[in-house]
Amino acid sequence: MKKLIILSLAIMGVMNVNAQQNMSFQKACHPADVKHYDTQTLRERFVMEKVMAADEINLTYSMYDRFIFGGAMPVTHDLKLETHPELRADYFMRNRELGIINTGGDGVVIVDGQEYPLGYSEALYVGRGWLGKDKDGKDIDTNKEIIFRSKNPQKPAKFYLNSATDHKHYKTQWVTLDGRKNGKVQSLKATIVGTPEKPLGTKAESNLRTINQLIVNTALEEGPCQLQMGLTQLQEGSVWNTMPPHTHGRRIEAYYYFNVPEDQTVCHVMGEPQESRVVWLHNEQAIMSPEWSIHAASATYYYTFIWGMAGENLNYNDKDNIPVIDLK
């Protein structure tokens, strides 16, 4: 795995933007090879150890569907999302769509000067930046500048990011659980699967949970292209994020685990159904689950996680369940 660091210059004026942006790269792996990996190799190929760090943007570029996942945590100053030489693009959003979910204190995402407030568990979808060429053959661009800001340095925002390649532009859309208005900006209401009063799952199976579908085609007015994101909250006493496990033959899925006490841990299960592997993750760590891998996790304490998908289609329920008695 190689790691490159980009330092952007401070911009003097109304906003102080000084971003340290780190991007790591993970190549795709054949499942027949993965079954021979030791613990360290498995973690290097799939895990993102550091997602949130003060005044940093940390990203992982996975060769699985060219998916980017990571975090931005502005504390003492604003952070600007920069492009990277490997993207071969003048700006990050030129050929990409972006999903943002706040997992910390109140924050603001600024898209080309437009401010979108994001509280805990609220999301923002930002569509492809390049719109085509005008009659003179010049590029028509939008969403060129994405800036992250915390409202209170003592309780900084923690923006979890997912990005997928995009072939069509869709407008920027703010998604909240209540669909509230904020000045001229009106949010869309998330699609909820299960509620605290009537959750998904059962107590007997230890998977009582609420799924907040934030960036999906049933919540947005238009789009997304291929990116889907949501936040799942487990109830106290429940530890399984999904059961039975499943594969997405047509999509990859990245998981980000948080609200995990520092003395507790998450057991993420991946691999082929007949060749399963276990990866132990701590608070605010992420992992890529390829299309051939089962998706499931348990933990020593109830937790919250964000799922992000990209691939062949936008059918949320397009999955292949694996009977638990067939797992090995």
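Here is a short chat about the cavity, pocket, rings and charges in this predicted model.

Visitor: What should I know before we start?
Guide: Residues are numbered from 1 along each chain as its sequence is written, and side-chain values use heavy atoms, with hydrogens and water left out. In this predicted model, totals for chains, interfaces and linings use all residues, local features need pLDDT of at least 70, and side-chain atom pairs count only at pLDDT 80 or more.

Visitor: Which elements give two or more residues to the lining of the largest cavity?
Guide: A cavity is a set of points on a 1 Å grid over the protein atoms alone where a 1.4 Å probe fits but cannot get out, and lining residues have an atom within 4 Å of a point. The largest one is lined by Pro31, Val34, Lys35, Gly271, Glu272, Glu275, Arg277 and Trp292. The elements giving two or more of these are helix H1 (31-34), strand S24 (266-272) and strand S25 (275-281), where helices (H or I, at least four residues) and strands (E, at least two) are DSSP runs numbered from the N terminus.

Visitor: How much space lies in the largest pocket?
Guide: A pocket is an open set of grid points with protein on both sides within 12 Å along at least five of seven lines. Ile211, Thr242, His246, Tyr316 and Lys319 lie nearest the centre of the largest one, among 19 lining residues. Points are joined across faces, edges and corners, and the volume is the space filled by probe spheres set on them. For the largest pocket that comes to about 270 Å³.

Visitor: Why is the pair of Tyr120 and Phe258 edge-to-face?
Guide: Rings of Phe, Tyr and Trp (its six-membered ring) pair if their centres lie within 6.5 Å; planes under 30 degrees apart are stacked, over 60 edge-to-face and the rest tilted. The count here is 15 aromatic pairs. Tyr120 and Phe258 have ring centres 6.5 Å apart and planes at 70 degrees, so the pair is edge-to-face.

Visitor: Is Phe258 buried or exposed?
Guide: Buried means under 20% relative accessible area, exposed over 50%, and partly exposed in between (1.4 Å probe, protein chains only). Tyr120 has 36%, so that residue is partly exposed. Phe258 has a relative accessible area of 1%, so the call is buried.

Visitor: What kind of aromatic pair do Trp307 and Tyr316 form?
Guide: Trp307 is buried at 2% relative accessibility, while Tyr316 is partly exposed at 25%. Their rings sit 5.3 Å centre to centre with 55 degrees between the planes, and the pair is tilted.

Visitor: Which residue forms a salt bridge with Lys158?
Guide: Side chains of opposite charge can pair when their charged atoms come close. A salt bridge is a side-chain nitrogen of Lys or Arg within 4 Å of a carboxyl oxygen of Asp or Glu, and the whole structure has 15 of them. For Lys158, the closest N and O atoms are 2.7 Å apart, and the partner is Glu284.

Visitor: How many residues apart in sequence are the parts that Arg250 and Asp320 tie together?
Guide: The side chains of Arg250 and Asp320 meet in a salt bridge at 3.3 Å, N to O. Arg250 lies in the loop between strand S22 (246-247) and S23, and Asp320 in strand S29 (residues 320-321), so the parts tied together are apart in sequence by 70 residues.
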